[in-house]
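Please read them with the coordinates open.

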Amino acid sequence: MDNQIIFVRIANHNDAPYAEEIITETEQSAIARGSGIAKRTAASVIEKMTAGKAVIALTNTGEWVGFSYLETWEGGRFVSNSGLIVAPKFRNSGVAKAIKDRIFKMSRRLYPNSKIFSITSGPAIMRMNAKLGFLPVSFAEITHDEHFWEGCKSCVNYDILERKKKCNCLCTAMLFDPEYFIDAQPVVYQQTEIYQEVAHS
């Protein structure tokens, strides 16, 4: 990485050119892990960027590093933190933690009374969620919005989800409930010489 500076910030419409790279790396990463994933389109990624509901990480030279986004369900009762992906050359550098922290803080700021959830099969994501106050829950405790589950239809494990009547699958659901963490503060990861967080208005 040649000691590049990485900026983690809220995405905007100017980041649209990175959308194809984001969805391609997301798909390839899932194939490499042998895990399922809900496929996303470049248009849907751009929509999140334009709406200010995504976090992107870029180097000081404009190279794409990582991405994540949030979505609301059931009229804002639930917020999902999804699509966390980091480019291979920047993995194991702390960038994923910085992105996860930023999308969580943004979710708490925009929707302070909402329950925030994440479903994942990745142990690293589970550990990051746990540090932020997420607890493992059954699928019955997250959104029942059919549009959310529609996204799972492109996953290779969707047949398992159907057979289990959406009660569980190979992914683990984790939930942050503000009622149980009224005084909780997000974990703020220390800056390193590799990256830094910057605000974007």
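The numbered points below go from the whole chain to single residues.

1. Basis. This is a predicted model, in which local features need pLDDT of at least 70 and side-chain atom pairs count only at pLDDT 80 or more, while totals for chains, interfaces and linings use all residues. Residues are numbered from 1 along each chain as its sequence is written, and side-chain values use heavy atoms, with hydrogens and water left out.

2. Overall layout. The chain has 6 helices and 8 strands, where helices (H or I, at least four residues) and strands (E, at least two) are DSSP runs numbered from the N terminus. Along the sequence their pattern is β-α-α-β-β-β-α-β-α-β-α-α-β-β. Of the contacts with a separation of 6 or more, 71% are between residues 24 or more positions apart; contact means heavy atoms within 4.5 Å.

3. Surface and burial. Of the 201 residues, 47% are buried, that is, under 20% relative accessible area, with exposed meaning over 50% and partly exposed in between (1.4 Å probe, protein chains only). The chain exposes about 10400 Å², and carbon and sulfur atoms supply 52% of that area. Areas come from the Shrake-Rupley method with a 1.4 Å probe; for residues, only the protein chains shown count as cover.

4. Main core. The largest nonpolar core has 37 residues, and Ile22, Ile56, Trp64 and Phe67 have the most contacts inside it. Such a core is a set of buried Ala, Val, Leu, Ile, Met, Phe, Trp, Tyr and Cys residues joined through side-chain atoms within 4.5 Å. Among the elements that each supply at least two residues are strand 1 (6–10), helix 1 (19–33), helix 2 (42–50) and strand 7 (172–176). Helix 3 gives the largest share, 6 residues. Beyond four places in sequence, Phe67 touches residues including Ile22, Val45, Met49, Ile56, Leu84 and Ile99.

5. In soluble globular proteins, nonpolar side chains tend to be buried together.

6. Strand 4 and its partners. With strand 5 (residues 115–120), strand 4 runs parallel, joined by 3 bridges, and Ser80 stands opposite Phe117.

7. Crossover. Strand 4, helix 3 and strand 5 make a right-handed β-α-β unit: with the strands pointing away from the viewer, the path from the first strand over the helix to the second runs clockwise. Ser93 sits in the loop between strand 4 and helix 3 and is buried, at a relative accessible area of 12%. A polar atom of the Ser93 side chain lies 2.6 Å from the backbone oxygen of Phe90.

8. Leu161. Leu161 belongs to helix 6 (residues 158–163). Is Leu161 buried or exposed? Leu161 is buried, because its relative accessible area is 4%. Leaving aside neighbours within four places in sequence, Leu161 contacts Phe139, Trp149, Cys152, Lys166, Asn168 and Cys169. Its C-alpha atom is 9.5 Å from that of Cys171, 10 residues apart along the chain.

Methods: Two strands pair if DSSP finds at least two bridges between them. A polar contact is a pair of N or O atoms within 3.5 Å; within protein, one must be able to donate a hydrogen and the other to accept it, and residues adjacent in sequence count only if both atoms are side-chain atoms.
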